[in-house]
Amino acid sequence: MPPEFLQTLWKSSRARSQMANEDHGYNSPSQLWRCKLCPGSVNLLRSIVHPEKDDSGEETGSIPAVLGTWKHDITPQMYRGEELDPPPALIAGIVTDKDYEDVEWVVSRIREIVASLPSNAFILWEHQMDLSGLGIDGGKHGCRADVLIIVPAVLVVVIDMKYGFKWVAGPRCNPQFQGYGWGGMEEFGGDKVWAHKLQPALPENLRHLQYTFESEEMQRVEGEIKGIIDATNDPEAPLCRGDHCIFCCKLECPQWRDTFLAIPKHLAFYEHLNRLDPIERGSMLDKLKAAQGWVDKAIKALIAWGYENRDGSECGIDGFEISLGRSSNDWGNPVKARKAIREIMVERNKKLRAQGKPEIEYRNLVDAPIPAMPRSSYQVFKKLGRAKWVLEILEPMIVSTPGQEGVHRKKND
Ligand code: SF4
C-alpha cells in the first residue's frame, strides 16, 4: 500500500491527466503550450488507459481544480450582476473573501476592456469554437475561450482567466491565446487580435498581461500552431521533460520517472549508487550531464537575450538588471609583484628576527603551484603590514579591473 501522500499525488495527477484527455482533448488550446514543449506527450496521453469514472455522484478532482472551475463559473454571473453559485461541497470550507476579491478584480478588468471598445462590441462567455482548421481536436469539452469580445469585422478580444498560482506564459508567446484568436477571426472576421491574460494570484505587475496580434502576425501564428500539431502526430515525437510537466501524466511518463525520480530522496545518494549496476550508473550520469549541459546553454541564452534586449538598466528578466559585475583586483605583473613581495619580506624578517619574533614565510604570500602567483593583495598586506614604505612599493602593482556590464541579479533582490 503506498503511503498516503503518494495516493494523493497519484489521484490528483490522474485526475488532471484524465480531465485533460477525456474532456479537453489531447491538443486543445489550453494544452498547446505542453504540446509545443513536449510533442511526444500527446502520444503518451493517448496511450494511457484511464480508470472508469466514479459514478457514485461524489465530487471528484483536486481541490485547486474544483476551486478554479467554480471561480470560472461565477465570473460571468458576477459580471451580469446575477446571484452567484455557492462553492461546491469539496471547497465550501476553504473559500475565503480573497477568492471573491480575485473574481471581482477579473470582472473589473473585463469591464474596463469592454468600456474601451466601440458600442457594437459584444461579449461571449465560454464560446465553443471550431479549431479543426488548425488540426486541434477539442475533445468532449470542445475548444472554448473563457471570454471573447467581438467588434464585428474589426477586432477579436481574447481573455483567459487563470485562477491558479502557477505562472502561465502571457499571450505574446502562449499558443493558447493565439489559437482562440485565430478561431475568433475565422468566425467573426476582423484583422487583429487583442489578447489578455488575467491572473489575480500573481504580483501586481504580472497580473494582467496583454498583447495585440496584427493580421500578418496571425498568419505566422497559424503556421506555427499547425507545426506544433504536426509534431505531436509524429509516432516518434520526443518526450521532453520541463516545467510544463506539471499538468501532465508524470507518473506514467518514462521521461519524468527515469530522469530524477530514479534518484530516491530518502537514501544517501552515494549509498544508492552502490545498489545500481554499471549500466544504470552510466545512464544516470549521461542524463545528468546532458541536463547540466542544457542548463548551461539555457543560462547563456537567457543572459545573451537579456543583454541584447536591454532598455537602459532593464533587461526584461524579472529580478535581474543590466549593471556592472564585481570589480576585481589583479596583481598587474605577477613576476614583478613576487620580486617586490620577497624583498619586502626579507626586510621585514630582519626586524622580526632582531625582535625574536616568528618570521614571515614566503609560502604564505604566494599560491602554489609553481610558478606561484602572489596571493590576493588583502592576504599579502595582512602578512607584510601596511607600513608607508610597503604601500608605496605594492600599491602601484594592484590593478583594479572594473566589472563587466551584463545581466546581473538586482542588488536589492
Ligand atoms: S510528464 Fe513531461 S515529459 Fe512526460 S509526457 Fe508529460 S510533458 Fe512530456
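Helices (H or I, at least four residues) and strands (E, at least two) are DSSP runs, numbered from the N terminus. With that in hand, let's take a tour. What you have open is a predicted model, in which local features need pLDDT of at least 70, side-chain atom pairs count only at pLDDT 80 or more, and totals for chains, interfaces and linings use all residues. Residues are numbered from 1 along each chain as its sequence is written.

**Stop 1: the whole thing**

Show everything as a cartoon. The protein has 15 helices and 11 strands. Of its 413 residues, 23% are buried. Here is the rule for that word: a residue is buried if 20 or more other C-beta atoms lie within 10 Å of its own, exposed if 12 or fewer, and partly exposed in between, with C-beta atoms placed from the backbone. Two residues are in contact if their C-beta atoms, again placed from the backbone, lie within 7 Å. Take the contacts between residues at least 6 apart in sequence: 68% of them join residues at least 24 apart.

**Stop 2: the sheet**

Now pick out β1 to β5. These five strands make an open sheet in the order β1-β2-β3-β4-β5, with mixed pairing. Two strands pair if DSSP finds at least two bridges between them. Which strands sit at the edges? They are β1 (122–129) and β5 (208–214), each pairing on one side only. From one strand to the next, the twist averages 25°.

**Stop 3: strand β4 and its partners**

Select residues 189–198, which make up β4. Seven of its 10 residues are buried, so β4 is largely enclosed by the rest of the structure. On one side, β3 and β4 pair in the parallel sense over eight bridges. Seven bridges join β4 to β5, and that pair runs antiparallel.

Click on Val-193. Val-193 stands opposite Phe-213 in β5. Val-156, for its part, stands opposite Val-193 in β4.

**Stop 4: Leu-155**

Move over to Leu-155, which is in strand β3. Is Leu-155 buried or exposed? It counts as buried because it has 21 C-beta neighbours inside 10 Å. Which residues does Leu-155 touch, leaving out those up to four places away in sequence? They are Gly-190, Lys-192 and Trp-194.

**Stop 5**

Most residues other than glycine have a negative phi. Select Ala-153, in strand β3. Ala-153 is not a glycine, but its phi is positive, about 60°. It is exposed, since 11 other C-beta atoms lie within 10 Å.

Then jump to Glu-126 in strand β1. Phi of Glu-126 is near 50°, another positive value in a residue other than glycine. Glu-126 is partly exposed, with 14 other C-beta atoms within 10 Å.

**Stop 5: helices across the sheet**

For the angles here, axes are lines fitted to C-alpha atoms (for helices over the stretch in contact), and angles run from 0 to 180 degrees between N-to-C directions. Select residues 97–115, helix α6. Helix α6 lies across β1, β2 (143–151), β3 (153–161), β4 and β5, and runs at about 170° to β3. Tyr-100 is in this helix. Tyr-100 counts as partly exposed because it has 15 C-beta neighbours inside 10 Å.

Next, select helix α9 (residues 215–233), which lies across β4 and β5 at about 95° to β5. Glu-224 lies in α9, and it is partly exposed, with 14 other C-beta atoms within 10 Å. The C-alpha atoms of Glu-224 and Gln-178 are separated by 9.8 Å, though the two are 46 residues apart along the chain.
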